[in-house]
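Subject: The structure for you to look at

Hi,

Here is the structure I promised to pass on. Please open it next to this message and read along.

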Amino acid sequence: PDLLLLNGPNLGMLGVRQPEIYGTNTLADIEKEVAAVVAERGWNVVSVQREGEGELIHALQDHYDSVGAIVNPGALMIAGWSLRDALAAYPRPWIEVHLSNVWAREPFRHESVISPLASGVIAGMGMLGYRLAAQALTSIVPR
Ligand code: DQA
């Protein structure tokens, strides 16, 4: 079984992208953390990072048979309506993660169009947020 780790625009630059906001961990570090957590359930992590909304939608559609997903939409949280529709059709539990505490930042980051569909939202915990989301999914997804 595959767990989908879906990261949106600019998240492939983690480690060098505004480390004072997003930390120094890379996406590869995050993938390792998540994989370590979900190995307990025998899940494999499929990690996809794309800059474009359409590419993210394709990736999601390709993995509608995954056991669950962790989604950091990046700035698509603000107006990613077609990503939202694709997530609405995703039949499994998924958790929205933001490295930074978006509510402590600029007002345009305060509302996410995808949050109402998520099983849960974790923000402001840096890389730990992905680990927590992975742990949550190992509990939420029925055995
Ligand atoms: C982010 C927060 C978004 O507002 C921003 O556009 C990002 C990263 C985060 O992980 O904190 O690209 O999703």
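Below is what I found in it, from the overall fold down to the annotated sites.

Two notes before the details. This is a predicted model, so to speak: local features need pLDDT of at least 70 and side-chain atom pairs count only at pLDDT 80 or more, while totals for chains, interfaces and linings use all residues. Residues are numbered from 1 along each chain as its sequence is written.

**Overall fold**

The protein chain has six helices and five strands, where helices (H or I, at least four residues) and strands (E, at least two) are DSSP runs numbered from the N terminus. Their order from the N terminus is β-α-α-β-α-β-α-α-β-β-α. Along the principal axes, the C-alpha atoms fill a box of roughly 40 × 30 × 25 Å.

Of the 143 residues, 33% count as buried. A residue is buried if 20 or more other C-beta atoms lie within 10 Å of its own, exposed if 12 or fewer, and partly exposed in between, with C-beta atoms placed from the backbone. The largest nonpolar core has 32 residues, and among those touching the most other members are Leu3, Val34, Ile70 and Tyr130. Such a core is a set of buried Ala, Val, Leu, Ile, Met, Phe, Trp, Tyr and Cys residues joined through C-beta atoms within 7 Å. Helix H6 (residues 127-140) gives the most to this core, with five residues.

The buried residues of H6 are Met127, Gly129, Tyr130, Ala133, Ala134 and Leu137. Seen down the helix axis, they fall within an arc of 155°, so they line one face of H6; the arc is that of the directions from the axis to the C-beta atoms. Strand S1 (2-7), helix H2 (27-38) and strand S3 (68-72) are among the elements that cover them.

**The annotated sites**

UniProt (unreviewed entry) places the feature "active site" at Tyr22 and His98. Positions are in the numbering used here, feature names are shortened, and annotations may be inferred rather than shown by experiment. Tyr22 is in helix H1 (residues 19-22) and is partly exposed, with 19 C-beta neighbours inside 10 Å. His98 sits in strand S4 and is buried, with 23 other C-beta atoms within 10 Å.

The "binding site" annotation (unreviewed entry) covers Asn72, Asp85, Leu99, Ser100 and Arg109. These span 38 residues in sequence, and the farthest two C-alpha atoms are 24.4 Å apart, so they do not all gather at one spot. Asp85, in helix H5 (residues 81-89), is exposed, with 11 other C-beta atoms within 10 Å.

How do the two annotations meet, and what does His98 touch? Leaving aside neighbours within four places in sequence, His98 is in contact with Asn72 and Ala123, where contact means C-beta atoms, placed from the backbone, within 7 Å. On the same terms, Tyr22 is in contact with Leu14, Arg17, Leu99 and Ser100.

Best wishes
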